Amino acid sequence: MNSLFISGKKAIVSSDRILYTPSPFARSSLLYLQEIGSLQALKPHTSSRANLSSFLFFLVSDGAGVLDYNGKQYDLLSGDCVFIDCNKHYSHTTDSLLWSLRWCHFNGPTLPQIYQKYIERGGKPVFNPEDYTLKDLNSTLDNLYEFACSRDYIRDMKINTELNALVTLIMSESWHPEEVKDKTLKEGSINSVKNYLDQNYREEISLDALAEKFFINKYYMSRSFKEQIGMTINEYLNNVRVTKSKQMLRFTDKTIADIGECVGIEDPAYFSRMFKKIEGISPDQYRKQW
């Protein structure tokens with residue numbers, strides 16, 4: 001797998017990479033690998049690309065460099081990680097002979113939406129994770145490399161699993177409440193709101209009442225909740241109610257009207273509409289199917 005990148009007649013990096021070709025099934029249905037590897041700089045150099053249908057994750061194992069992405073420059077040091085959309089122009093430059101990277105290019109039908117969610121949550125092109133997260137990221141890259149080398153007939157499924165783990169680790173780095181300059185709720189406060197909804201879903205809950213209980217402006221609370229949880233407060237509350245109602249539909253003989261009351265919705269028609277909007281079928285159909 002070892003190779004040298006040549007500029008003129010001089011090697012500029014030593015690299016160990018796998019170019020991977022996923023199956024048609026993987027391309028249409030899974031997160032799939034395109035390339036994975038590592039490199040060590042032999043000379044100062046710049047690498048650049050644009051208009052590439054791919055997403056790139058890399059971590060800096062050693063040395064220092066600069067990332068140029070989307071019109072901005074970011075200093076890179078050992079332990080830093082990069083997650084970018086390669087449709088946009090990017091380059092990374094180093095003058096350090098210690099410069100070493102581990103990377104993977106990957107894509108998938110849902111990855112553009114996942115990346116957009118990463119950006120919406122405040123994710124940055126460059127982040128510096130805690131040591132335990134960096135260890136998990138390295139382990140995931142190890143697994144991806146191993147599966148890409150294997151002849152396992154379900155390797156695309158295993159690669160998909162590892163790429164989902166990678167994306168989950170990356171997404172965990174996307175929320176930065178400590179850098180918000182206004183009164184946006186921090187993660188601990190949002191968890192308090194979420195826990196309150198989990199425990200009091202039977203009650204009539206308004207934004208005004210929540211804001212008063214948690215001493216925060218309701219507009220800041222609503223925005224922060226959606227950024228961190230991925231749905232509005234009302235959507236989350238209705239999801240909790242539907243989950244509780246599904247348990248009763250399956251494991252009790254309560255009427256649908258009674259179940260609606262048990263989860264805080266007294267109007268049976270409204271309960272049925274809300275349930276169908278989330279589950280795609282009516283409460284009665286759900287009970288019969290399950």
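S100 lies in strand β10, which covers residues 100-107. In this predicted model, S100 is buried, with a relative accessibility of 10%.

- S100 counts as buried because its relative accessibility of 10% falls under the 20% cut-off.

**Aromatic rings**
- Ten aromatic pairs are present in the structure.
- One aromatic cluster is made up of F55, F83, F106, Y115 and Y118.

**Nonpolar surface patch**
- A nonpolar patch on the surface is formed by F25, Y153, I154 and M157.
- Together, these four residues have about 470 Å² of accessible area.
- F25, one of the patch residues, lies in helix α1, which spans residues 24-29.
- The relative accessibility of F25 is 47%, so F25 counts as partly exposed.

**K226**
- Helix α7, residues 218-229, contains K226.
- K226 is partly exposed, and its relative accessible area is 46%.
- With neighbours within four places in sequence left aside, K226 is in contact with M231 and T232.
- Y236 is ten residues from K226 in sequence, and their C-alpha atoms are 9.3 Å apart in space.

How values were computed: Residues are numbered from 1 along each chain as its sequence is written. This is a predicted model: local features need pLDDT of at least 70, side-chain atom pairs count only at pLDDT 80 or more; totals for chains, interfaces and linings use all residues. Side-chain values use heavy atoms; hydrogens and water are left out. Rings of Phe, Tyr and Trp (its six-membered ring) pair if their centres lie within 6.5 Å; planes under 30 degrees apart count as stacked, over 60 as edge-to-face and the rest as tilted. Helices (H or I, at least four residues) and strands (E, at least two) are DSSP runs, numbered from the N terminus. Buried means under 20% relative accessible area, exposed over 50%, partly exposed in between (1.4 Å probe, protein chains only). Contact means heavy atoms within 4.5 Å. Patches are made of residues with over 30% relative accessible area and no salt bridge: like charges are joined within 9 Å, nonpolar side chains (Val, Leu, Ile, Met, Phe, Trp, Tyr) within 5 Å. Accessible areas come from the Shrake-Rupley method with a 1.4 Å probe; for residues, only the protein chains shown count as cover. A salt bridge is a side-chain nitrogen of Lys or Arg within 4 Å of a carboxyl oxygen of Asp or Glu.
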